[in-house]
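Trainee: I'd like to learn how to read a protein structure, one feature at a time. Can we go through one together?

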Amino acid sequence: MVRRNYETVFILNPVLSESQMKDTVEKFKKVLTDNKAEIINEENWGLKKLAYTIQHKTTGFYIFLEFTATSEVVAALETEYRRDERIMRFLTTVLDKHATAYNEKRRSGKFNKKTEAKEEQAA
């Protein structure tokens with residue numbers, strides 16, 4: 001069983017309260033940890049406008065999770081996504097070494113626009 005790096009983004013129904021949203025995120029994090037996946041990063045991107053209407057909604061809560069796991073864990077996670085009516089859309093992708101390196105730089109703040117501008121001025 002090969003462990004790979006994955007990232008998943010899911011969109012939650014915008015009518016959920018703050019506590020319902022947090023409970024839903026914890027539920028999916030628990031699915032991952034119960035299946036021995038290691039969560040590397042979690043980001044709440046907040047309420048965003050959708051590119052197109054989904055289930056008569058124009059906004060949704062975006063949640064991003066980065067983790068390492070086997071493909072069986074991803075299958076279990078996506079089954080849970082499909083069973084939960086609070087999830088409007090989801091996408092899980094395998095990360096190659098370049099995407100993993102990019103995410104590490106992003107997490108460490110190397111893509112901070114102010115820092116990049118100062119470095120360019122100094123050069």
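This is a predicted model: local features need pLDDT of at least 70, side-chain atom pairs count only at pLDDT 80 or more; totals for chains, interfaces and linings use all residues.

Trainee: Which residues of H1 are buried?

Mentor: Buried here means under 20% relative accessible area. In H1 that gives you Met21, Thr24, Val25, Phe28, Lys29, Val31 and Leu32. Now look down the axis of H1: those buried residues fall within an arc of 150 degrees, so they line one face of the helix.

Trainee: And what do the buried residues of H1 pack against?

Mentor: Quite a list! They pack against strands S1 (4–12), S2 (38–54), S3 (57–69) and S4 (87–94), plus helix H2 (71–83).

Trainee: What comes after H1, and what is its phi like?

Mentor: Phi is a backbone angle you can check residue by residue. H1 is followed by lysine 36, with a positive phi near 65 degrees, although lysine 36 is not a glycine. You'll find lysine 36 in the loop between H1 and S2.

Trainee: Is lysine 36 buried or exposed?

Mentor: Compare its relative accessible area with the cut-off: exposed means over 50%. Lysine 36 has 65%, so it counts as exposed.

Trainee: Where is glutamine 55, and what is its phi?

Mentor: Glutamine 55 sits in the loop between S2 and S3. Its phi is positive too, near 50 degrees, and glutamine 55 is a residue other than glycine. With a relative accessible area of 41%, glutamine 55 is partly exposed.

Trainee: On to strands. How many of the residues of S1 are buried?

Mentor: For a strand, ask how covered it is and what it pairs with. S1 is mostly covered, with 8 of its 9 residues buried.

Trainee: Which strands does S1 pair with, and in what sense?

Mentor: S1 pairs with S3 in the antiparallel sense, over 9 bridges. S1 also pairs with S4, again antiparallel, over 7 bridges. To see this in the model, pick out residue pairs: asparagine 5 stands opposite threonine 68 in S3, and isoleucine 11 has arginine 89 in S4 as its bridge partner.

Trainee: And where do side chains point in a strand?

Mentor: In a regular strand, they alternate between the two faces of the sheet.

Note on methods
Residues are numbered from 1 along each chain as its sequence is written. Side-chain values use heavy atoms; hydrogens and water are left out. Buried means under 20% relative accessible area, exposed over 50%, partly exposed in between (1.4 Å probe, protein chains only). Helices (H or I, at least four residues) and strands (E, at least two) are DSSP runs, numbered from the N terminus. The arc is that of the directions from the helix axis to the C-beta atoms. Contact means heavy atoms within 4.5 Å. Two strands pair if DSSP finds at least two bridges between them.
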